[in-house]
Amino acid sequence: MRPRTIGLLVAVLLVFAGVGAYGLTDGPAASGPGAAEPVELAERWISSLPEALESNHHSPAAVAIDGESYIAVPINSRQGTVCRMSVLDGDGEERWADTLSEADCNVHSISDPTIADYDRDGEPEILAATSAREFVAYSLDGRVELRRNLTSFGYSTPVVADLTGDETPETVVVDLLGGVSVFRPDGSRVWNRDVGDARVRQPRVEDFDADGDPELAVGKTGGSVVMLNGDGSTRWQRNLSDALTLRWIVPAQIDDDPAVELVAAGFSGNVYAIDGRTGETQWRRGFDARGTSVYAVGDGDDDGVPEAYVAARDGKVRSLNARNGSVEWTTTLTLEPVAPMPPPSLGDLNGDGSLELVAPSNTGSVSVLDPTTGELIDSYSREEKINTFVPLVDFDGDGDPEALVIYNDGRVAALDA
């Protein structure tokens, strides 16, 4: 059910056999404080579904509350037959589900969910945008607490943050055609703004310019980034050369100035670092393979300089120096054609104080890499494609994060170290 690949010897044998290769690394030898200790992935469970699906593209979210686990899984189907928000318990069994109509069902019907206490009642809720042109907030037991209309197809994950600076969190939802809606905790709308076609998976709220007030960054299909103030006015908009569709933007402090930068990637094969205060490009790194993605930016090798961990459709993961975009190492996860290639996630899987990189491949493998060298530590695989990143979240409350892998067939594998 899940063949495991351990060590570079097996990876080399796979290459000569002409099948998918895991852990082929072009980088430095393991050394220093960032070198990873051995980690083995163990399958906790695989969720079940009443029928097989195709092309799940959105990632789960999870939380542990009072010893109970709640795992929100967006189920989407290319066939347009079964689309629903499914919430699992800590054993992977379904607690409840809310189903969309077949008329609204497609491959992106339910966004990546957010779990947050949007209304400040002391309990987190499950938030999602849907293809029914709605933003929905569920209580953990499945009750619909709030349902509000959007201007178009709900595609991006909702963001809960104090965008307006009034010390009260708002919920920000960006829909497929670029409608930005900001809702108060009672569901009333603060403002709505049209920024044009916007398909970024994760809009971001941060104090990007370090002026004490938060801003909202949105990536757009045409290859630009727009930065909005808390009142909805435009702070800046920048078109990036050869960017095409920007689907991934990550806020990160990558240099010594107080502004927060954005690391952005998309269909063109380019990766950018953008100054959060001015919108100017600080560096650009291009790769031959189209379809770059980035989700994790952090100091994975403990050298005092953050790295951006980038995947591309050539089946490779690269560690880029986030200050200048130079490549620190490259690891080939597969030699098979892949589209898309999900980005890696960064976290301490076993609680030993060192970070690991969890890198999925569209071929169905999940590899744990040493973020210092890119060397393979362990891997897990199913014969189903993976189309999105792997969230690392402590859903059982044991203090260490687990990996929640959603596969093409809609099933979720919970992996622990």
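Aspartate 416 and arginine 44 are joined through their side chains by a salt bridge, with N and O 2.9 Å apart. Aspartate 416 belongs to strand E33 (residues 412–416) and arginine 44 to strand E2 (residues 42–46), so this pair ties together parts of the chain that are 372 residues apart in sequence. The model is a predicted one. Aspartate 416 has a relative accessibility of 14%, and because buried means under 20%, it counts as buried. Arginine 44, at 33% relative accessibility, counts as partly exposed.

The protein has 33 strands and one helix. It contains 417 residues, of which 59% count as buried. Of the contacts between residues at least 6 apart in sequence, 50% join residues at least 24 apart. The structure holds 13 salt bridges, and a search of the whole structure finds one disulfide.

Another of the salt bridges joins glutamate 94 to arginine 84, where the closest N and O atoms are 3.2 Å apart. Glutamate 94 lies in strand E6 (residues 94–99) and arginine 84 in strand E5 (residues 84–88), so the parts tied together here are ten residues apart in sequence. Arginine 84 is buried, with a relative accessible area of 13%, whereas glutamate 94 counts as partly exposed at 38% relative accessibility.

A further salt bridge links loops. The side chains of aspartate 256 and arginine 323 meet with an N to O distance of 3.9 Å. Aspartate 256 is in the loop between strand E19 (246–252) and strand E20 (261–266), and arginine 323 is in the loop between strand E25 (316–321) and strand E26 (327–332), so the pair ties together parts that are 67 residues apart in sequence. Is aspartate 256 buried or exposed? Its relative accessibility is 73%, and it counts as exposed. Arginine 323 counts as partly exposed, at 38% relative accessibility.

Cysteine 83 is joined to cysteine 105, with an S to S distance of 2.1 Å. The torsion about the S-S bond is about 75 degrees, so the disulfide is right-handed. Cysteine 83 has 0% relative accessibility and counts as buried. Cysteine 105, at 8% relative accessibility, also counts as buried.

Strand E4 contains serine 69. This serine is buried, with a relative accessible area of 7%. What does the side chain of serine 69 reach at 2.5 Å? It reaches the backbone oxygen of phenylalanine 395. Leaving aside neighbours within four places in sequence, serine 69 is in contact with Val63, Leu88, Asp89, Gly90, Arg95, Phe395 and Asp396.

Four strands form an open sheet in the order E27-E28-E29-E30, with antiparallel pairing. Strand E27 (345–347) and strand E30 (376–381) are its edges, each pairing on one side only. From one strand to the next, the twist averages 20 degrees. Within this sheet, strand E29 (residues 365–369) runs antiparallel to E30 and is joined to it by five bridges. Which residue in E30 stands opposite serine 367? It is serine 379.

How values were computed
Residues numbered from 1 in each chain as written. Predicted model: local features only at pLDDT ≥ 70, side-chain atom pairs only at ≥ 80, totals over all residues. Heavy atoms only, no water. Pairing = 2+ DSSP bridges. Helix = DSSP H or I, 4+ residues; strand = E, 2+ residues; numbered from the N terminus. Axes fitted to C-alpha atoms, helices over the stretch in contact; angles between N-to-C directions. Salt bridge = Lys/Arg side-chain N within 4 Å of Asp/Glu carboxyl O. Buried < 20%, exposed > 50% of the residue type's maximum accessible area, 1.4 Å probe, protein only. Disulfide = S-S within 2.5 Å. Polar contact = N/O pair within 3.5 Å; in protein donor to acceptor, adjacent residues only side chain to side chain. Contact = heavy atoms within 4.5 Å.
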